[in-house]
Amino acid sequence: MGEVRKLQKKLRQIENLEIKVSLTPEERVKVSKKAEFRSRLAELLLQLSGPQQTHCIVGEQEDKMKRQVEDAAEHHKGHTPAVKVAREDDQQKEESREDGGKNRERGGQTQTISDSPGPPDPDSEFKSLKTSWESVKFRLRTVEGHSDIVTCVAAVDNLVISGSRDTTVKVWHVPTATEQRNLGGHSGGVTCLNVPPAEYCRSLASALRLGEKERFVLSGSSDCCVRIWTLSSGQCVKSVYTFNTVTSLCFIAAGGGYVVTGSDAGKLQVWDWLSQENRQSVNAHLDAVTTLQSQGPLVFSGSVDGSVCVWEVCDGGPEPLRKLQSWGSEVTGCGGGEEAGGRLRLSARGDRIFLACGRASIRVLNWRTGTVSRLTNHSSTAGVTDCVNQIPGLLIGSSFDLTTGESTLNLFSLPQCKYLVSLTSSDLPRILCFAAWLTPSGGHRWVTGGRDLTVWEQLQGNVKKRGDVTVRRDSRLDNSLTESDRDSEEEESEDGDEDSIPQDASDAEEVATSSWLRCVLQ
């Protein structure tokens, strides 16, 4: 297992190197060895996994892993992949229940179950939800226009807004998959986006004497600026210089409205929506603030250092934000920064904060009590979780397999956090940012960004056309929520491994100032 952990760590580091702005000659050599490391890792995992472990691999994952080994070493061609599908287990369980009928024996007597309606059965609701997602179909469309990695995405109506390391913000018309606007003006890579609520757009439009139906989009950049753009014309109507690299932002819908920005040095700044005046500056974290989310009267912030802060909005006071709670990496389990595989992203729901920090699991933090659970988002420690997001009734986590290079979206029911299905497609790249919304007809429409910008659109009704997305279940993700804040032995050992790729001072500075890798949470 020692060699497996070393290879996994090397692959994590190579993946992080690949998304840097520039590479040194030494780093290019290390990146060139990715295929070699991946093939060797796949070979080791197949050797270590006996029939009792490989039978749970669902779909094409085992076949893909096996093909990688075959390409590297011919003596593995005879290995027999497992084909047991978890759905068959579910069908057998359902058939056994049906055989029982409505009459069940208990204590030697037959008890008749009444057909009268009662309270909803959670298990029945979950089974129905799982069945519906197992048959879902999506059409994928890749839109091209950016010349570099897509770092953030947002959506409004039939429009998708994307920000890129190429310094541009682009507006796309989803029904036609065409570029509608190119918003150029930043001199550094775009790190974050946000679309304020319609009523606050109307108030700013009135102040600027624009049409009352005007919508705006906010963009933050490594050039230390926040820009406010009109969606109708692509005009930049306001630009705020923050004196700090902007790594995240969110909008507070309270009072006249506030914009909160996070910097690469851990500072939070609050700006008035209409006047763009600075209302508050506070050193919130010890490292870059990579995620911000507002939810009602609360604001949540997360940092590379693994810490999470919860703020109360105090509209009308001298300072709009007041800290309610703060938890460090020793509680969240998200320490490790770049070595852990990425930066911290969060999505809040009630008392729980779902945290993605580049590991195989999603941390679930109760921000009031400080208790932490782990939600398994990958079947092994070779997984990387870059994004976590919520839509009504669903938690969605991205998962990237370091061994196979496969990218998936895992779906969990809320509030139970029970695993539903995994969605993937051939050649789908690593998902670095994600946004979701519903169409007027109730269908799901998603957008994912990374090396490609991809629009996911659910096919409605009994469509005979085959979808572009493979839906599968990995039974190893069932019952995946564990009441523990400790990493697995493999994850802890991997973080403590001394075999790492060195970085010089300039590289470290570049990593700190390129805190664009996050999921924009609406």
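1. Leu-375 and its bridge partner. In this predicted model, Leu-375 has Leu-481 of strand 33 as its bridge partner. The pairing concerned is that of strand 23, residues 372-376, with strand 33; the two run in the antiparallel sense and are joined over 2 bridges.

2. The C-alpha atom of Ser-380 is separated by 9.9 Å from that of Thr-403, a residue 23 positions away along the chain.

3. The hairpin of strands 12 and 13. Strand 12 pairs with strand 13 (residues 258-263) in the antiparallel sense, over 6 bridges. Within this pairing, Val-246 stands opposite Ser-263 of strand 13. The two strands form a hairpin with 5 residues between them, and Gly-255 in the turn has a positive phi of about 60 degrees.

4. Backbone geometry in the loops. Asp-157 is not a glycine, yet has a positive phi of about 55 degrees. Asp-157 is in the loop between strand 4 (150-156) and strand 5 (159-164), and with 58% relative accessibility it counts as exposed. Thr-167, also not a glycine, has a positive phi of about 80 degrees. This threonine belongs to the loop between strand 5 and strand 6 (168-173); a relative accessible area of 23% makes Thr-167 partly exposed. The remaining case concerns the peptide bond from Leu-414 to Pro-415, which is cis, with omega near 10 degrees. Pro-415 occupies the loop between strand 27 (407-413) and strand 28 (418-424).

5. Cysteines. The structure holds 0 disulfides. A disulfide is a covalent bond between the sulfur atoms of two cysteines, and the cut-off applied here is a pair of sulfur atoms within 2.5 Å. For Cys-357, the closest cysteine sulfur is that of Cys-334, at 3.1 Å, which is too far for a bond. Cys-357 is buried, its relative accessible area being 2%. For Cys-433, the closest cysteine sulfur belongs to Cys-387 and is 6.3 Å away, again too far for a bond. Cys-433 is likewise buried, with a relative accessible area of 0%.

6. Helix 7. The 13 residues of helix 7 (residues 122-134) should span 18 Å at 1.5 Å a residue, and the end C-alpha atoms are 18 Å apart, so the model agrees with expectation. Which residues of helix 7 are buried? They are Phe-126, Lys-130, Trp-133 and Glu-134. These residues cover an arc of only 100 degrees around the axis, which puts them on the same side of helix 7. An α-helix has 3.6 residues a turn, so residues three or four places apart point the same way.

7. Overall composition. The chain comprises 11 helices and 33 strands. Of its 522 residues, 55% are buried. Among contacts between residues at least 6 apart in sequence, 55% join residues at least 24 apart.

8. Confidence. The average pLDDT of the chain is 81, and 76% of the residues score at least 70. Over residues 492-522 the pLDDT is below 50, and this stretch has 91 contacts in the model beyond near neighbours in sequence. Residues 52-62 likewise have a pLDDT that stays under 50; the model gives them 30 contacts beyond four places in sequence.

Definitions and conventions
Residues numbered from 1 in each chain as written. Predicted model: local features only at pLDDT ≥ 70, side-chain atom pairs only at ≥ 80, totals over all residues. Heavy atoms only, no water. Pairing = 2+ DSSP bridges. Helix = DSSP H or I, 4+ residues; strand = E, 2+ residues; numbered from the N terminus. Buried < 20%, exposed > 50% of the residue type's maximum accessible area, 1.4 Å probe, protein only. pLDDT = per-residue confidence, 0-100. Contact = heavy atoms within 4.5 Å. Expected span 1.5 Å × (residues − 1). Arc of directions from axis to C-beta.
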